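Good morning, and thank you for joining this group meeting.

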Amino acid sequence: MPTPIPDADPWKALNSAHAAMGARRTRELFDLDAARATRFSAEAEGILLDYSKQPIDAQALNALCALADATQLANRREAMFTGAAINSTEGRAVLHTALRDPEGAPLRVNGEDVRAAVGGELERLYAFAHALRQGELRTNDGGRFTTVVNIGIGGSDLGPKMVVEALAPYADAGLDFHFMSNPDSNEVLGILARIDPARTLFLVSSKTFTTQDTLANFRTALASMSRTHGSEAAALGHFCAITAAPAAAQALGFAEQRIFGFRDWVGGRYSLWSAIGLPIILAIGPQRFAELLAGARAMDRHFRTAPWGANLPVLLALTGIWNANVLDARTLLMVPYDARLAALPAYVQQLDMESNGKGVDLAGQPLARASGPVVWGSLGINGQHAFFQLVHQGTQRIPVDFIGVLRSPDQDVEHQRIVFSNMLAQAEALMCGRSRDEVRREMLAAGMAPERAELLAGHRSFPGDIPSNTLLIDELSPTRLGSLVALYEHKVFVQGVIWGINSFDQWGVELGKQLGKTIYQELCSQPDRTAHDPSTRALVARVHAALQ
């Protein structure tokens with residue numbers, strides 16, 4: 001890694017590095033450096049990150065690393081790991097990293113040894129999961145549980161769902177899983193119609209146990225279960241609560257031994273490592289959940305110790321900063337080429353956009369530059385037949401993260417060749433593109449009339465120079481998935497530090513919740529003809545009439 005270049009304003013150094021590149025395209029950078037693919041790659045914990053198709057050179061990377069230093073990244077990173085209250089607007093520590101290191105050295109926050117508390121609750125979760133998976137924990141009629149329904153929303157839904165789906169080959173308890181997040185009755189009643197209430201365990205996950213969506217789904221599920229089990233009290237024997245507010249769960253009738261807790265310093269989008277991960281433990285068992293934690297812990301150690309030029313989360317973050325703030329490419333497309341990772345884009349979407357979707361800095365002042373990108377995506381091959389047309393030839397420059405898994409249990413090699421040939425070809429095509437002259441020459445060589453070739457040249461050309469990262473994971477084991485998720489967590493943290501924002505609050509969701517409660521009351525009674533703006537008043541009246 002070159003020595004960081006000095007500059008009074010590290011942001012200006014980025015612009016200087018960009019100007020120094022001139023009109024040089026990324027494909028030309030490979031011509032200038034035969035070892036570029038190696039120099040612009042890094043590997044840790046079974047994950048290879050190839051960022052050589054990013055439109056940066058050594059000077060640009062140098063300037064990005066200097067920016068990380070100038071924004072005190074190392075100090076902020078240490079503050080997070082050691083329990084400082086870096087969530088300044090809520091006065092809280094941010095210690096999801098402690099959740100996956102319960103046996104580390106004592107770490108005190110507000111007088112409590114965080115790791116001892118984490119370890120104690122983890123033992124409770126493991127004991128409960130073991131008893132249910134072994135058939136020692138029985139249903140009300142003495143049978144075995146065969147189905148688990150997780151009721152939660154946001155981080156209480158997306159993380160557990162993503163991991164349970166990704167690690168399905170490791171599920172060995174014969175349990176079916178459903179995830180109920182949307183209060184839309186079409187989803188709720190549809191799930192309830194598909195389960196056997198005599199064999200189903202419900203996990204109700206809510207940090208505060210006041211979330212309207214989750215409580216509505218819980219009450220509907222409880223009413224349905226009560227019809228089978230004879231009473232609410234009996235039906236509650238098939239329910240567990242997962243919350244940072246155990247008193248609120250007890251007030252709703254949950255037995256103390258069926259309440260699993262976590263602390264308020266566990267943010268929802270960082271919570272799958274906590275009791276919120278109970279669906280994961282039930283699916284893959286305590287030992288493999290411990291491996292998931294170990295993988296995340298290994299990435300924590302890598303993030304905390306590796307130099308910037310070899311640090312996977314930092315490199316992901318810095319290339320994203322370059323794209324958003326230098327190239328004005330303010331979106332990120334995530335395309336896994338492994339069906340088990342189908343839910344990963346939605347998970348990272350919340351992780352990134354809820355964390356860094358901020359317009360003010362730590363002092364509450366408007367930001368001087370763009371912050372969090374729009375994150376979206378789906379399975380790669382599916383996307384090639386859907387939205388990739390816009391990525392290749394549209395008017396927006398859309399950076400891409402390609403994610404592939406090299407080995408899968410019982411894989412069909414021929415199918416995997418097809419998958420990887422598509423993934424690698426897309427990354428190459430996005431970078432290289434194809435000019436009008438190249439297209440025209442190809443068509444003329446194929447015998448097309450010159451007039452026709454000229455007409456089609458523009459339609460068949462591709463601008464190229466689309467930034468992309470390629471991540472290759474050696475296998476999708478619990479350990480490697482833990483490392484992958486922690487990689488993206490830390491990437492988001494690094495970008496938040498560089499932009500100077502608080503990545504750990506989410507005040508932007510509150511106004512909608514407040515107004516939603518008001519409108520809910522109106523839909524239950526009569527619309528207020530003086531409240532709201534004229535459009536909302538008219539829509540409330542229309543919906544109120546339809547729901548009578």
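Before the first residue, a word on terms: helices, of at least four residues, and strands, of at least two, are DSSP runs numbered from the N terminus. Please also keep in mind that this is a predicted model.

Let us begin with Glu 522, which belongs to helix H23, spanning residues 510-524. Which side chain of opposite charge is nearest to Glu 522? It is Arg 537, at 8.5 Å. A salt bridge would require a side-chain nitrogen of Lys or Arg within 4 Å of a carboxyl oxygen. Glu 522 has no salt bridge, although the residue is buried. Leaving aside residues up to four places away in sequence, Glu 522 touches Pro 527, Asp 528, Ala 531, His 532, Val 540 and His 544.

I turn now to the sheet. Six strands make up an open sheet with mixed pairing, in the order E1-E2-E13-E12-E10-E11. Strand E1 (41-44) and strand E11 (374-377) each have a single partner strand, so one side of each is left without a neighbour in the sheet. From one strand to the next, the twist averages 20°. In general, strands of a sheet pair through backbone hydrogen bonds, either parallel or antiparallel. Here, strand E2 (residues 47-50) and strand E13 (residues 468-475) run antiparallel and are joined by four bridges. Within this pair, Leu 48 stands opposite Leu 472 in E13. Helix H22, residues 478-499, packs on the sheet, where it touches E2, E10, E12 and E13. The direction of H22 makes about 155° with that of E13.

The largest nonpolar core has 119 residues, and Leu 282, Trp 322 and Leu 481 touch the most other members. Which helix gives the most to this core? It is H22, with twelve residues. The contacts of Trp 322 include Leu 14, Met 21, Pro 55, Ile 56 and Leu 327. Apart from this core lies another, of 22 residues, among them Val 149, Val 204, Phe 218 and Ala 221.

Finally, consider helix H5, residues 73-81, in which Leu 73, Arg 77, Ala 79, Met 80 and Phe 81 are buried. What covers them? The cover includes helices H4, H6, H14, H15 and H22. After H5 comes Gly 83, with a positive phi near 90°.

Definitions and conventions. Residues numbered from 1 in each chain as written. Predicted model: local features only at pLDDT ≥ 70, side-chain atom pairs only at ≥ 80, totals over all residues. Heavy atoms only, no water. Buried < 20%, exposed > 50% of the residue type's maximum accessible area, 1.4 Å probe, protein only. Lys, Arg positive; Asp, Glu negative; His and termini not counted. Contact = heavy atoms within 4.5 Å. Pairing = 2+ DSSP bridges. Axes fitted to C-alpha atoms, helices over the stretch in contact; angles between N-to-C directions. Core = buried A, V, L, I, M, F, W, Y, C linked by side-chain atoms within 4.5 Å.
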